[in-house]
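Could you walk me through the ligand site and the packing of this protein? Let's take it one question at a time.

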Amino acid sequence: MLSTDSLIKSSKLETYDAYSYSEPDRIRVKHLDLELEILFDQRILKGTATLILHERFVGDLVLDTRDLTIEDAEYSAHGREFFRTAFELGAGDPVRGAPLIIHLPSEASAVRLRYITSENASGLQWLDALQTAGKRHPFLFTQSEATHARSWVPIQDSPRVRMTLSARVRMPADVKAVMSAVNNAEAWRKSDPQFTMPYPIPAYLLALAAGDLDFRELSTRTGVFSEKTIVEEAAREFENLEEMLCAAEALFGPYRWGRYDVLVLPPSFPVGGMENPCLTFTSPTIIAGDKSLTSVIVHELAHSWSSNVANGATWRHFWMNEAFTVYMERRILEQLYGSRRAEIEAVLGLQELKRELSRLDAKDQVLEGQVNGRDPNSNATQVPYEKGALFLRTIEETVGRRRFDEFLREYFNHFAFGTVTTSQFVEYLRKNLLYAYQDAEPKLSIEEWIHGAGIPKGAAYPTSDVLEKVERRAQDWLEGRISLRDVQRSAWTTHEWLRFLECISGRIDTAKMQELDREFDLTNSGNAEIEYQWLLMAVRNRYTPAYQRLEQFLTAVGRRKFLKPLYLELAKTPEGKKWAQAIYDRASPNYHPISRDAVKSVLN
Ligand code: BES
Ligand code: ZN
């Protein structure tokens, strides 16, 4: 049997957060009380953050900030009277921001800070009225994961620190606000709403959005928020939200957070979905009209049972956040739509992982520590997601589903509302599950999964006969054995299309591109995932009829996952790069800081 010792290289490394200046081993904040004023004209937040400390301590409190102006700092011993105290903003660095050092007497139990955010706060995106769907009111939203909460709240911005939250928001009369809080359905209609989150959450799950919001109830505990102009469309696309929740509960136990709502953001939202507790934030690009892309919602929902309950203690354990979630997402999909659909998504995920592995250095193919000293914000690969999920699937196959499900429920109960390190997980796994299975350890090669490159032998690979059929058709068409008519004898689902396009991508010429477009009008697909694949192929093949659409897409959509590869493909030729730069210059005011950074890194 392998020992855990090799996993615990050093317990310090296990919990040391290289991306935060705060020192959670010395002192922890347990509650955050926020007062925020949204000033759309100046594109700033004026805030008062009151931090309640876990216990009295001696020394300074160090918080994370990025581009914040701190106006003053006070402390209190008993929560009533506050007294001015000295503070300094350290020099900091581009990845971590600047440490805020607050000098405190030993009787301090709370700290109050008045501050102002900067116009280029990395965690905020400000949209003018014209950049919204309704065109009449400005919009603001946050994206705090991985290390952007510190750009709008001075805070211990480390995943190791969980805190409860209360907040009040002030804003112009014609906009409404929501937060990652349990009470949006009551609070959001008010002009000075108050929000509460009674369960402790890490800073990366802090979230706020404000704009011309509307709401549609979908069931007594679910609903959808979005700009007024798209709320009906969004409500139709997500009409089975309650069913999704029930499917997850059937597998993983009661939903712990009260309400579950979805907020659909403007197209510049930089990620597909973000698991802000009680209120998933999502890109409008997942609305396809036929519910075919709602697995993103299932994914974010699954986070409510996985990392939102017990997250990786630092970013080196990020894989645990996403691996459990992807694994559980597929299980929920299976529960809802059957194993065929779930396997299709698993195979597509695996294909993406394999493509990614072929490009990545060995050191970036590991689960633990995959961040490797780089900025955790720019590090999203398929490894923590798909390799991680495949590892869990392999454990499931080894011990059987019934036992693994039981284990998952126990594991999240055990660590509930806390954090976990990789070796804590492995230890728990061995003690509570694997001990009963004699040949599990040699079969599983845990160490290799976690610290090795590539995919270990014995992985429980998914298969899909539906996709295999698509692959054969693609091959037959490429080699001229069948006509385009025969390729698609019955209507294909989004996922069949995606697999087909992947199979032929890079292997067809302009004539074949033309033939495809004539038959299926892919340039105007209306499904963002299909469109994205098609546009990528268009750049590769210099298929000019799609260029206008490409330019539109790059201007309208701010989702990093689409932007980065498209710009990368464009930048491969000198003319392409010139055009990409021109598009970027025009489009970048619409991009979120996170996406802007991603594209800039490609163009430079
Ligand atoms: N938590 C992630 C988003 C994230 C990760 C933001 C790291 C910032 C840093 C979220 O749950 C996620 O994984 N979203 C995916 C979609 C999902 C279906 C794989 C996305 O946005 O692409
Ligand atoms: Zn996720």
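Predicted model: local features only at pLDDT ≥ 70, side-chain atom pairs only at ≥ 80, totals over all residues.

Residues are numbered from 1 along each chain as its sequence is written, chains are lettered from A and ligands numbered from 1 in the order in which they are written, and side-chain values use heavy atoms, with hydrogens and water left out.

Q: Which residues come nearest to ligand 1?
A: A residue is near if one of its heavy atoms lies within 4 Å of the molecule. There are 14 residues around ligand 1, and those that come nearest are Glu145, Gly272, Glu275, Glu300 and Tyr385.

Q: What is the distance from a polar side-chain atom of His303 to an oxygen atom of ligand 1?
A: Polar contacts here are pairs of N or O atoms within 3.5 Å. For the polar side-chain atom of His303, the value is 2.9 Å.

Q: Which element gives the largest share of the shell around ligand 1?
A: Helices (H or I, at least four residues) and strands (E, at least two) are DSSP runs, numbered from the N terminus. Two or more shell residues come from each of β18 (273-274), α6 (318-337) and α5 (295-302). The largest share is three residues, and the element giving it is α5.

Q: Is Asn311 buried or exposed?
A: Asn311 sits in strand β20 (residues 310-312). Beyond four places in sequence, Asn311 has contacts (heavy atoms within 4.5 Å) with residues including Pro159, Arg162, Tyr204 and Asn321. Buried means under 20% relative accessible area and exposed over 50%, with a 1.4 Å probe and protein chains only. Because its relative accessible area is 0%, Asn311 is buried.

Q: Which elements do the buried residues of α21 pack against?
A: Helix α21 spans residues 593-603, and its buried residues include Ile594, Ala598, Val602 and Leu603. The elements that these buried residues pack against are β9 (124-127), α19 (560-570) and α20 (574-587).

Definitions and conventions. Polar contact = N/O pair within 3.5 Å; in protein donor to acceptor, adjacent residues only side chain to side chain.
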